Amino acid sequence: SKSKTLEGKTVLITAGPTYEAIDPVRFIGNHSSGKMGFSIAEEAEKRGAKVILISGPTAQKTNNKNIEIHKVTSAKEMFDEVFKFYKNTDIAIMSAAVADYTPKFVAQEKIKKSDAEFTIELVKNPDILKTMGEEKSHQFLVGFALETQNEEENAKGKLEKKNLDMIVLNSLKDEGAGFQKDTNKIKIITKTEQKEFSLKSKEEVAKDILNFVEEKFNKS
Ligand code: C5P
């Protein structure tokens, strides 16, 4: 197998969706499967990294005893968990699909239906990645972007605005890429470079991402 190119490094990864509770039985979620984040975690571990994987609700599993999994539900919980480990992280790869909004009030009892219409008031969630960018010291920070329009421009905007070292762009327009799929087609963007990859399995995509990270990280 490959040499232990990430030996001695701590890699922090987020994966999956977040669920934002409406009442005890309902939530607002999204279609993220967690596959991309879990694949990156497996590959980073193979390369000798200490891997901390913080995952929202997903069906993904790992048999890898060396991967430290922390399960969370909401964006707020993910935020708190990430910042327990961020200081001692060398490389952070944030692939979770974090909910941007959360219900302002969580009903303590199941909401009953009535004949009236029903409105849920939403408030902004904290942006985990943006906060990491603000508090960045030595960490190499990687974000993901999933865009349906002006993809490159939006991804570059996020790279800048969130103070990232690298962003992985995946397009929903590409057949076979994105949510719930086993394959992905990405473009990697840094301040000075960009590189487009072909459609491949998420395991192979994880290798491409980590190869790129290692190359940049070793120079930074
Ligand atoms: O701004 P946008 O949600 O498109 O940015 C996506 C990137 O930001 C992903 O890497 C995602 O994990 C991260 N993010 C986050 N916390 C949020 C929203 C997004 O960490 N509340």
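Colleague: Which residues does Val82 touch, not counting residues up to four places away in sequence?

Modeller: This is a predicted model, in which local features need pLDDT of at least 70 and side-chain atom pairs count only at pLDDT 80 or more, while totals for chains, interfaces and linings use all residues. Residues are numbered from 1 along each chain as its sequence is written. Two residues are in contact if their C-beta atoms, placed from the backbone, lie within 7 Å. With neighbours up to four places away left out, Val82 touches Leu12, Thr14, Ile54 and Ile128.

Colleague: Is Val82 buried or exposed?

Modeller: Val82 lies in helix H2, residues 75-85; helices (H or I, at least four residues) and strands (E, at least two) are DSSP runs, numbered from the N terminus. A residue is buried if 20 or more other C-beta atoms lie within 10 Å of its own, exposed if 12 or fewer, and partly exposed in between, with C-beta atoms placed from the backbone. Val82 has 24 other C-beta atoms within 10 Å, so Val82 is buried.

Colleague: What separates the C-alpha atoms of Val82 and Ile13?

Modeller: Val82 and Ile13 are 69 residues apart along the chain. The separation of their C-alpha atoms is 8.8 Å.

Colleague: Which residues does Ile128 touch, not counting residues up to four places away in sequence?

Modeller: Ile128 is found in helix H3. Ile128 is buried, because 26 other C-beta atoms lie within 10 Å. Beyond four places in sequence, Ile128 touches Met78, Phe79, Val82, Met94 and Val98.

Colleague: Which residues come nearest to the ligand?

Modeller: A residue is near a molecule or strand if its C-beta atom, placed from the backbone, lies within 6 Å of it. There are 14 residues around the ligand. The nearest of the 14 are Met94, Val98, Ile128, Leu129 and Gly143.

Colleague: Which element gives the most to the shell around the ligand?

Modeller: Two elements, helix H3 (128-134) and strand E9 (140-147), each supply at least two residues of the shell. The one that gives the most, with 3 residues, is E9.

Colleague: How far apart are the farthest two C-alpha atoms of the residues under the UniProt annotation "binding site"?

Modeller: That annotation comes from an unreviewed entry and covers Asp100, Lys110, Pro126, Asp127, Ile128, Leu129, Phe144, Lys158 and Lys162. These residues span 63 residues in sequence and do not all gather at one spot, because the farthest two C-alpha atoms are 37.9 Å apart. UniProt positions are given in the numbering used here, feature names are shortened, and annotations may be inferred rather than shown by experiment. The distance asked for is 37.9 Å.

Colleague: Which residues is Lys158 in contact with, leaving aside its neighbours within four places in sequence?

Modeller: Lys158 is found in helix H4, residues 151-161. Lys158 is buried, with 20 other C-beta atoms within 10 Å. Outside its sequence neighbours, Lys158 is in contact with Gly143, Ala145, Leu164 and Ile167.

Colleague: What is the phi of Asn150?

Modeller: Asn150 lies in the loop between E9 and H4. Asn150 counts as exposed because it has 10 C-beta neighbours inside 10 Å. Although Asn150 is not a glycine, its phi is positive, at about 40 degrees.

Colleague: How is helix H1 enclosed, and which elements do its buried residues pack against?

Modeller: Of the 12 residues of H1, 11 are buried, so H1 is largely enclosed by the rest of the structure. The buried residues of H1 pack against strands E1 (10-15), E4 (50-55), E5 (67-71), E6 (91-94) and E11 (183-184), and against helix H5 (202-219).

Colleague: What is the radius of gyration of the chain?

Modeller: The chain has 5 helices and 14 strands. For 220 residues the globule rule gives 17 Å, and the chain comes close to this, so it is as compact as a globular protein of that length. The radius is taken over C-alpha atoms, and the rule is 2.2 Å times the number of residues to the power 0.38. For this chain the radius of gyration is 18 Å.
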